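Here are some exercises to work through with the model open beside you. Try each task before you read its solution.

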Amino acid sequence: MGVAHDATTTSIEEAPLAADRPVSGLADELVDHRFKALPPDAEGLTVGALAAERRNLFTGGFTTPVLALSAESVEHNLALLETYAERHGLAFAPHGKTSMSPQLFARQLEYGAWGITAAVPHQARVYRAYGIRRIFLANELVDAPALRWLAAELDSDPEFRFVCYVDSVRGVELMDEALRAAGASRPVDVVVELGAGEGARTGARTEADCVAVADAVAAAGTLRLVGVAGYEGEVPDASAERVRAWLNRLVALAVGLDRAGRFAAGEQIVISAGGSAWFDAVAEVFARIPELSAPVLKLLRSGAYVSHDDGHYRHLTPFNRVPEEGALQPAFRLWAQVVSRPTDEQAFLNAGKRDAAYDLDLPEAQVVRSGRDGTVRPATGVSVTGLSDQHAWVRTEPGAELEVGDWVGMGLSHPCTSFDKWQLIPLVAADGTVTDYIRTFF
């Protein structure tokens, strides 16, 4: 679509986003022992056939533990971030590492995403297997075999757009060497990564370092500098003031490189940031990007929003600071059964570290579904105090109702490590009907 060359409009070139390998093909996969919690009597059915049966999560033969993803909450979250990005003039390339699910990628693209962000070559290969045509790789790519693969992908598909970080002269040299050896015919688009500060993660630490990297890109015939990027979530002792200060540095770096004529002629200028904790600051600072010599692609990369959570991101989400913009909904609930009640103060569930994210917070007991009559009540006086490989340690307060056979529904913290413990996740409507199964590829 045509756009004016100003900083208030995000230019998004037209390109097909339909998958070369349709995600609908995932419905043809057979249900078998590889997939936790699925009904034993579904063995041999295709995933699509099982979904068509619309079984109930609680009465349809599923075994515990079972991770459920709320269909309504996922749709709500997808719509909310689309609206947010549009309202603030941002393009959106959600980080696919969160879910590694082609089905969710397809939904994100349907809800306006420009493309999908990756962190490592394997993720990009999964994306390409399902036809993602715009990939932003938020890392420097120096693996020669991966660069050979990338060169072949770019050569075979003129509509494939790929952008990745560079943050060192040595990295640029390695990329150029590998791409030359691969006989690459299309240059690889790169953005200079500005580090978030001393002691932060990756990225060139100073503006002078960034200029040196830009010089190295200019000397490499296989690369093309198209912008700048970074990750504000790594700002040391992050506060709104410090995050904005770093984002202003990122914008100033882009302005300086543009004035010096460092960006590829005739291309959009990419300015990218935005994890799941500070995208409000990104929107605020990016709204003040001055007019540059080419259209600006203001690219947000938040990924955890698609499922949100009941812990880490519940506390960090920018929507806590801007409630008038809406609110994300936690979509995960892990269901496990009480398998032991050795004392009045203690119980054990049959879900543990192999099933639940625990790297940031322990699961949170939310509701109890009676094993006798299926009634659901709040998990009052019930708390998870620890996890073994296959057990959750539960403390019960006096008077808490909990017996062997009850199902306990738990909220989880940190979507990334929730998704990656499950290869096939039931997508469940509010009434318990399983409407689909979400396949992951970690």
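Helices (H or I, at least four residues) and strands (E, at least two) are DSSP runs, numbered from the N terminus. The model is predicted, so local features need pLDDT of at least 70 and side-chain atom pairs count only at pLDDT 80 or more, while totals for chains, interfaces and linings use all residues. Residues are numbered from 1 along each chain as its sequence is written, and side-chain values use heavy atoms, with hydrogens and water left out.

**Exercise 1. Find where serine 99 sits, and say whether it is buried or exposed.**

Step 1: Look at the loop between strand E2 (91-92) and H3; serine 99 is there.

Step 2: Check its relative accessible area, which is 3%. Buried means under 20%, exposed over 50% and partly exposed in between, with a 1.4 Å probe and protein chains only. Serine 99 is therefore buried.

Step 3: List its partners, skipping residues up to four places away in sequence. Serine 99 touches Leu104, Phe105, Phe419, Thr440 and Phe442, where contact means heavy atoms within 4.5 Å.

**Exercise 2. Work out which residues of helix H3 are buried, and what they pack against.**

Step 1: H3 covers residues 102-110, and its buried residues are Pro102, Gln103, Leu104, Phe105, Gln108 and Leu109.

Step 2: Those buried residues pack against helix H2 (71-87), strand E3 (116-118), H4, helix H11 (415-419) and strand E18 (434-439).

Step 3: Go past the end of the helix. H3 is followed by glycine 112, with a positive phi near 95°.

**Exercise 3. Describe how H5 packs with H4, then with H6.**

Step 1: Take H4 (residues 121-129) and H5 (residues 144-156). They pack at about 25°, with axes 11 Å apart. Axes are lines fitted to C-alpha atoms, for helices over the stretch in contact, and angles run from 0 to 180 degrees between N-to-C directions.

Step 2: Name the arrangement. That angle makes H4 roughly parallel to H5; the cut-offs are under 35 degrees for roughly parallel, over 145 for roughly antiparallel, 65 to 115 for roughly perpendicular, and oblique for the rest.

Step 3: Pick out the residues. Pro121, Ala124, Arg125 and Arg128 of H4 meet Ala146, Trp149 and Glu153 of H5. They split into 4 nonpolar, no polar and 3 charged. Here Ala, Val, Leu, Ile, Met, Phe, Trp, Tyr, Cys and Pro count as nonpolar, Asp, Glu, Lys and Arg as charged, and the others, Gly among them, as polar.

Step 4: Now do H6 (residues 169-181). H5 and H6 pack at about 55°, with axes 9 Å apart, which makes H5 oblique to H6.

Step 5: Ala144, Leu147 and Ala151 in H5 meet Leu174, Met175, Ala178 and Leu179 in H6. This contact has 7 nonpolar, no polar and no charged residues.
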